[in-house]
Amino acid sequence: MRAKLTYLVTAAVLVFYFVLVGSRGVMLIQSGTVVTVTFGVAVLILPGIGVWFLWKNTQFVRRANALAAELDAEGGLPVDELRRTPGGRIDRASADEVFTKRKAETEASPNDWRTWFRLAIAYHDASDTPRARKAMQRAIALHGGRSAL
């Protein structure tokens, strides 16, 4: 629940920022000179990219959470079997062991979104965020539109 609240507050702050920057871009365009119109258009591009990025990430999170809920309902979420350091961090060797197991499961069933979901978690636990995201995107694509998003 705390993560969701943090995400919503961050998104609200970003939207406020996009509106503020966008209004400055409009003001520059309304000035009417070639230089200010050019700057105004350039300023409007940044919030546009930001809104698109925020939208895509929000959709990704919603879809990943829907998959997690479905997998949880099936009893298929991976059990946390990772060893931890005294400080609470994941032990790297333990993460590598679990990753090897998840990778083998995915190779055995490459068209099962569940194995890709669990592989994404293993990548995340191994601190490989780009591959974790790609694996989750693959899980979402394999799952298709079966969940109500």
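1. Secondary structure. The chain of this predicted model holds five helices and zero strands, and along the sequence the pattern reads α-α-α-α-α. Helices (H or I, at least four residues) and strands (E, at least two) are DSSP runs, numbered from the N terminus.

2. Overall form. With a radius of gyration of 21 Å, well over the 15 Å that the globule rule gives for 149 residues, the chain is more spread out than a compact globule. The radius is taken over C-alpha atoms, and the globule rule is 2.2 Å times the number of residues to the power 0.38. Along the principal axes, the C-alpha atoms fill a box of roughly 65 × 40 × 25 Å.

3. Basis of the values. Residues are numbered from 1 along each chain as its sequence is written, and side-chain values use heavy atoms, with hydrogens and water left out. As the model is predicted, local features need pLDDT of at least 70 and side-chain atom pairs count only at pLDDT 80 or more, while totals for chains, interfaces and linings use all residues.

4. Burial and surface. Of the 149 residues in the chain, 29% are buried. Here buried means under 20% relative accessible area, exposed over 50%, and partly exposed in between (1.4 Å probe, protein chains only). The accessible surface of the chain comes to about 10000 Å², and 65% of this surface belongs to carbon and sulfur atoms. Accessible areas come from the Shrake-Rupley method with a 1.4 Å probe; for residues, only the protein chains shown count as cover.

5. Among contacts in the chain with a separation of 6 or more, 51% are between residues 24 or more positions apart; contact means heavy atoms within 4.5 Å. The chain carries 20 positive and 13 negative side chains, and the centres of these two sets lie 10 Å apart. Lys and Arg count as positive and Asp and Glu as negative, whereas His and the chain ends are not counted. The place of a charge is taken as NZ of Lys, CZ of Arg, CG of Asp or CD of Glu.

6. R2 lies in helix α1 (residues 2-31) and counts as exposed at 72% relative accessibility. Leaving aside neighbours within four places in sequence, Y7 is in contact with L54, N57 and T58. The side chains of Y7 and T58 are joined by a polar contact of 2.7 Å, and the C-alpha atoms of these two residues, 51 residues apart along the chain, are separated by 9.1 Å. A polar contact is a pair of N or O atoms within 3.5 Å; within protein, one must be able to donate a hydrogen and the other to accept it, and residues adjacent in sequence count only if both atoms are side-chain atoms.

7. T36 is placed in helix α2 (residues 34-74) and is buried, at 18% relative accessibility. Its side chain makes a polar contact of 2.8 Å with the side chain of T33. Not counting residues up to four places away in sequence, T36 touches L28, I29 and S31. R63 is likewise found in helix α2, but counts as partly exposed at 32% relative accessibility. The C-alpha atoms of R63 and M136 are separated by 9.4 Å, the two residues being 73 residues apart along the chain.

8. Helix α3: S94. S94 lies in helix α3 (residues 92-108) and counts as buried, at 1% relative accessibility. A polar atom of the S94 side chain lies 2.9 Å from the backbone nitrogen of R83. Apart from neighbours within four places in sequence, S94 is in contact with E81, L82 and R83.

9. The loop at S127. S127 is located in the loop between α4 (113-125) and α5 (129-143), and is exposed, with a relative accessible area of 61%. Phi of S127 is near 65 degrees, a positive value in a residue other than glycine. Most residues other than glycine have a negative phi.
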